[in-house]
Amino acid sequence: MSKNFILEEKNILTKKECNYLIKECKKRTNSAEHKDHGYNCFDLERTQIFVELTNLILPVLQKYKKKYPQINLTKNKWAITNLRFKHFKPGKSFEKFHSEHSWKYATRLLNIQIYLSDHNCGTEFYNKKVIKSEIGKLVIFPSYFTHTHRGQKCPDKKNRYIITGYVNFLDLI
């Protein structure tokens with residue numbers, strides 16, 4: 001049996017909660033920081049939003065650990081880090097295939113994505129699997145080359161909102 005090590009959890013946030021996050025985070029975005037990738041962002045670290053989102057993510061992470069128990073064999077301690085709100089303007093996406101683990105980011109173990117808006121697109125993996133962008137959906141998947149991915153462009157030319165983050169090894173940071 002083949003495992004894809006991707007967990008999708010729908011309705012982790014309500015539409016009302018997503019709209020609230022969009023409104024609050026848009027006020028604080030930095031338009032210059034990731035201009036080359038087509039998005040504005042706001043780091044949620046050291047905010048109440050980070051605490052609240054972490055409390056929502058932790059039960060899903062426990063579900064991930066139960067579904068894929070081999071992750072429990074890692075010897076290092078790990079935790080949720082680097083939650084970031086991202087706003088992609090119409091026609092923009094992180095369109096280059098990439099993985100989140102690299103020499104510079106060697107502590108990344110898992111990716112976390114929370115979609116705050118619906119679109120006729122989503123996250124496309126190199127193997128052609130697509131996870132559709134749906135309001136309130138949380139997705140967890142490995143940060144490694146095995147899960148190389150990119151963001152698809154919204155064909156309806158709508159603004160796209162997402163929260164991304166990682167599960168990082170703590171002992172190495």
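This is a predicted model: local features need pLDDT of at least 70, side-chain atom pairs count only at pLDDT 80 or more; totals for chains, interfaces and linings use all residues.
Okay, let's start with Thr107, which sits in the loop between S4 and S5. A quick word on those labels: helices (H or I, at least four residues) and strands (E, at least two) are DSSP runs, numbered from the N terminus. Residues are numbered from 1 along each chain as its sequence is written, and side-chain values use heavy atoms, with hydrogens and water left out.

Back to Thr107, then. Is Thr107 buried or exposed? Thr107 counts as buried, because its relative accessibility is 15%. The cut-offs here are under 20% relative accessible area for buried, over 50% for exposed, and partly exposed in between, with a 1.4 Å probe and protein chains only. The side chain of Thr107 makes a polar contact of 2.8 Å with the side chain of Asn168. By polar contact I mean a pair of N or O atoms within 3.5 Å; within protein, one must be able to donate a hydrogen and the other to accept it, and residues adjacent in sequence count only if both atoms are side-chain atoms.

The loop between S4 and S5 also holds His101. His101 is partly exposed, because its relative accessibility is 29%. Leaving out residues up to four places away in sequence, His101 touches Ala106, Arg108, Ser143 and Tyr144, where contact means heavy atoms within 4.5 Å. Take Ser143: between His101 and Ser143 there are 42 residues in sequence but 5.3 Å in space, C-alpha to C-alpha. With Ala106, a polar atom of the His101 side chain lies 3.2 Å from the backbone oxygen.

Now for the inside. How many residues does the largest nonpolar core have? It has 34 residues, and those with the most contacts inside it are Leu44, Leu53, Ile114, Leu116 and Ile163. A nonpolar core, by the way, is a set of buried Ala, Val, Leu, Ile, Met, Phe, Trp, Tyr and Cys residues joined through side-chain atoms within 4.5 Å. Two or more residues of this core come from each of helix H1 (15-26), helix H2 (48-67), strand S4 (78-88), strand S5 (108-115), strand S8 (138-142) and strand S10 (160-169). H2 has the largest share, seven residues.

Let's zoom in on Leu116. Setting aside neighbours within four places in sequence, its contacts are Leu13, Cys18, Leu21, Ile22, Phe85, Ile135, Tyr161, Ile162 and Ile163. Apart from this core lies another one, of 11 residues, including Ile6, Phe125, Ile131 and Phe141.

The largest pocket holds about 590 Å³ of space. The search runs on a 1 Å grid over the protein atoms alone: a cavity is a set of points where a 1.4 Å probe fits but cannot get out, a pocket is an open set with protein on both sides within 12 Å along at least five of seven lines, and lining residues have an atom within 4 Å of a point. Grid points are joined across faces, edges and corners, and a volume is the space filled by probe spheres set on the points.

Which residues are closest to the centre of the largest pocket? Out of 29 lining residues, they are Tyr39, Lys86, Phe94, Glu100 and Tyr166. S10 gives the most to this lining, with five residues. By class, the pocket lining has seven nonpolar, 14 polar and eight charged residues. For those classes, Ala, Val, Leu, Ile, Met, Phe, Trp, Tyr, Cys and Pro count as nonpolar, Asp, Glu, Lys and Arg as charged, and the others, Gly among them, as polar.

As for cavities, the whole structure has one of 30 Å³ or more. The volume of the largest cavity is about 40 Å³, and it is lined by Phe88, Tyr115, Ser117, His119, Ser133, Arg160, Tyr161 and Ile162. S10 again gives the most, here with three residues.

Last topic: backbone angles. Most residues other than glycine have a negative phi. Phe5, not a glycine, has a positive phi of about 60 degrees, and lies in the segment before strand S1 (7-9). Lys157, in the loop between S9 and S10, also has a positive phi, near 55 degrees. Lys157 counts as exposed, because its relative accessibility is 59%.
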